[in-house]
Amino acid sequence: MRIISAKMHPKRSLFPKYILTVIILLWVVTGRLCGGCNSRTEQKKFIIGFSQSGEADEWRKSMWEDMKRELSFHPEMKILYRETNDNSEKQISQVKELLTHHIDVLIISASEAAPLTPIVEKVYDSGIPVIVIDRKIASEKFTNHVGADNLQIGEMAGDYLARILKGKGRILEITGKPTSSPAIERSLGFANSIKHFPHIKISKTINGEWLESNANRILMQNPGILDSVDAVFAHNDVMGLGAYQALLELKKKKLPIVGVDALPAPAIGLKSIQTGKLVASILYPTGGKEAIRNAALLEKHKMLPKQTTLQTMVVDSTNVLTMLMQTSKIAAQQQDIERQAEMLTAQKKIYHSQQTFIYLLVSLLLLFLIVSLLLFYSRKLNRRINQELVLKNKDISRQSEQLVVMSKKAEEASEAKLNFFTKISHEFRTPLTLILSPTEDLLTNGKLPPEIKTGLNFIKKNAFRLLRLVNQLMDLRQVEFGKIRLHVSEQDVVAFCNEIILSFSAIAQKRNIDCRFITQHRSYLMWFDADILEKILFNLLSNAFKFTLDGGSILLELTVDSMQQELKFSVKDTGIGMTKQEQEKIFDLFFRANNEVVNSSGVGLNLTKELVEIHHGRILLNSQKNVGSDFSLTFPLNKNAYTNEERADHIILRDELKNLENIYTTELMPDAKNEANILVDINKNLTDKATMLIIEDNKDLQKLLQSQLQSDFEVVVEGNGRDGFNKAFDIIPDLILCDIMLPGMDGLLICRQLKKDIRTTHIPIILLTGKASEVQHLDGLKSYANAYIAKPFSMTVLKQTIETMMYNYKRVKEHYTSIGNYSYVPQEIENPPKNIGTPLTNKAPKKKSDRRFTSEFISIVEHSLHDEAFSVESICQQMNISKVQLYRKVKSLLNVNVNEYIVNARIQKAKYYLENEDLPIGDIAFKTGFTSAAYFSTVFKSKTGSTPKEYKRLSQGRG
């Protein structure tokens, strides 16, 4: 049938593509235009970090105003301002914070020199230029210093006061912070100047800390200071005004006061000189303008001098008016500049908005033209599309009719498949019934021997297991095709659970398992499907018995949640439990957990989950490894949870309970004979029989193999791959039968590892497996297995394979033994014999690992025969092998006892000396490791039938 795609016609699909292309184009153009308008504002700024020591005084404010005034000429710059209120610790933290903003240059006015030096050096060492303004630091690690010469300022103040005092008088000096560089340098310059005038003295020095209030407070508290001086030198104007205010308040005579700064601010600086409060002030420029200019040079990557010195002068009544006029004019010009800048900004905004409007208008016009063209095109295209749609509708109608026919055929095929599975399941059940019926009849015969009954129990148990698998697979198919219908009726769920738990009582009693049903209700009516719930509980309980060891406990608990209107079942066991990874997959079809009990199909729990969901319930699992598992089931109590079709008016009688009981419990039933008596105690002393190690996880197959082979072998059984691998090294068996699918370690890996180890490489290994394909057979042989037998196998074939393998193995032993009985030749044995046979061909050389072991053993014995202290322990130590492994390996390869081999070798060596060397009997005894000549003669005679002297006489006579 031809299927027509619902995809649009190629020509029709062009229309939306055109519209999308136009919209993207307009968006790009508009975005680029608008982006161009803002390109200047979006360009990267040159970031300046400015750390100001404080802004409480007018001089600091004037510095910040000078900076802002200069920044108006540099729109590409951005300044980050931080003020510290003369707190050094705060200033250090603010500098660190400025560094996080990725500043390009740091301008700093340090509150104190010493505390700020380390952080300034750190910034400078990181590659960021540093401009120090006004106050210096105690280091030369900075890019540029902007400020007046404070030494010069101090000298100018001293010269001026000496002039107005006419070379004679006492001066009060009011200093700034003693730790700040301006205060230190101004005091030093002032003192240097006064030295030139011997009649002028600095009678008193007080610390005003740059503040007017501090200077005034100290003088008010010590009025006598002002009585003993003729003039005052204050390190800044505000402290000078503090002294002037103290003179007024104390009603002292007016003294000439000289300050520093000469700011154009109201009420201080120049105004104070004009009003006569200060006789003079030394001009101290702020340097704000110069600092910004130097930063601009750094932005252009130009070099700066280490020092930018600001010019200064004395301002007094002779030039104060000129200074005031100049500052007023500068302030007015700055205001004009700021107003013009604001006007320019406003004009730019108007220009950009008009430009954007024009661009949008042009774009809309272009869009209108394009859409008009597309509409015209689409109208023409739609006519063509409508015609195609009419044809497609006809095709779709025809396809719908075909789909109806196909769905009917698919339904018939599903029904036929289900019928096939139903019939094939009945075909399985018929021969299984024919097997089970006579088997059960035979088991009732008390005259049968125990071994026959054991075999019949195997048949019965596995026939019921096969029947359970057939039933479960049939139920899964019915679930898949939706053929399982829910038929709930109101029944006593407590009696129902009691009946089920009773089915497992015999198993629990024989295995000493505490199996109980726990509930608070004597009886409880609820709506449920007995057949479905029965299969669910039987599956969970049989699963619990399978994974719970003897002496454990299994609980079926029933609780009623009236609030949630739910009935809850809980199946708890103290079994081996599961890991979190296994719990996530345990309900998957055919999943088998990696545990000791792998005799599981992986069908039961998946079917259980499906049946629970059909019954409108939920199933949850809570498990812990080596602790146990808890399966929780929840079903609705209210009958309204089920549809009218799912509810039945009468109780549906069940006639399969006994059948389900047999199916689910027969496999779990232990044998009448205690299993501990069946399995061989591996710790008992070995007999003369050959030892066989069977590594098989299926317990029934373990028992079958042991019962069939224990007459000829000492049989040791292991159900775990890892345990079986370790057991092979413990007992060094003569033959190993090994399954491939094993818990802990698979059979192929076991085979490869044993064949690689020198201690076990000689052991024949037969792989027993259900993997019967040619590729799987080849994988088994590649793992160095001696034989590969697929299940189901004939016991006769297995026995014959074992017999043939042991025969060849015996021939190899005899071959090795004949090699051991050679006539002694005095040469070092470095290479093994080249004619040692193998168990398979008896012609090709044996594996290198066996030859290496034999060669090493013979060589050690040969080189140590002269040592009377030489023993089996010496060989074990040199070969790094246990005594038991050495005995078994030598016995297996040479068919002789280790001590016997050593004695034979010594006798062979003694024969050589007697035949070829003219040595006394005592010397020969000591050269061959015997403690005395008498003991040597006794051993020699027991081995050869003659004394050493007789043997020597006879050999020389022959010679």
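**Close-up views of the predicted model**

**View 1. A salt-bridge network.** Arg-60, Asp-134 and Arg-135 are linked in a network of salt bridges. The model is predicted. Its salt bridges number 20.

**View 2. Glu-97 pairs with Arg-82.** The two side chains meet in a salt bridge, with 2.9 Å from N to O. Glu-97 belongs to helix α4 (residues 88–99) and Arg-82 to strand β2 (residues 77–83), so the contact ties together parts 15 residues apart in sequence. Glu-97 is partly exposed, at 29% relative accessibility. Arg-82 is also partly exposed, at 21%.

**View 3. Arg-170 pairs with Asp-230.** The closest N and O atoms of this salt bridge are 3.8 Å apart. Arg-170 sits in strand β6 (residues 169–175). Asp-230 sits in the loop between α9 (224–227) and β8 (231–234), so the pair ties together parts that are 60 residues apart in sequence. Arg-170 has a relative accessible area of 38% and is partly exposed. Asp-230 is partly exposed at 24%.

**View 4. Asp-561 pairs with Lys-568.** A salt bridge joins these residues, the closest N and O atoms lying 3.8 Å apart. Asp-561 counts as partly exposed, with 21% relative accessibility. Lys-568 is partly exposed as well, with a relative accessible area of 31%.

**View 5. Helix α29 and its buried face.** Helix α29 spans residues 883–894, 12 residues in total. From first C-alpha to last, α29 reaches 16 Å, close to the 16 Å expected at 1.5 Å a residue. Buried here are Gln-885, Leu-886, Lys-889, Val-890, Ser-892, Leu-893 and Leu-894. Seen down the axis of α29, these buried residues fall within an arc of 165°, so they line one face of the helix. An α-helix has 3.6 residues a turn, so residues three or four places apart point the same way. Asn-895 follows α29 and has a positive phi, near 55°.

**View 6. A nonpolar surface patch.** Phe-357, Ile-358, Leu-361 and Val-362 form a nonpolar patch on the surface. Together they have about 420 Å² of accessible area. Ile-358 lies in helix α13, which runs over residues 320–443.

**View 7. The whole protein, for context.** The protein has 33 helices and 24 strands. Of its 959 residues, 44% are buried. Among contacts with a separation of 6 or more, 71% join residues 24 or more positions apart. The accessible surface comes to about 51500 Å², and carbon and sulfur atoms account for 54% of that surface.

Note on methods. Residues numbered from 1 in each chain as written. Predicted model: local features only at pLDDT ≥ 70, side-chain atom pairs only at ≥ 80, totals over all residues. Heavy atoms only, no water. Helix = DSSP H or I, 4+ residues; strand = E, 2+ residues; numbered from the N terminus. Buried < 20%, exposed > 50% of the residue type's maximum accessible area, 1.4 Å probe, protein only. Contact = heavy atoms within 4.5 Å. Areas by Shrake-Rupley, 256 points an atom, 1.4 Å probe, with all protein chains shown as cover. Expected span 1.5 Å × (residues − 1). Arc of directions from axis to C-beta. Patch = residues over 30% accessible without salt bridge, like charges linked within 9 Å, V, L, I, M, F, W, Y side chains within 5 Å. Salt bridge = Lys/Arg side-chain N within 4 Å of Asp/Glu carboxyl O.
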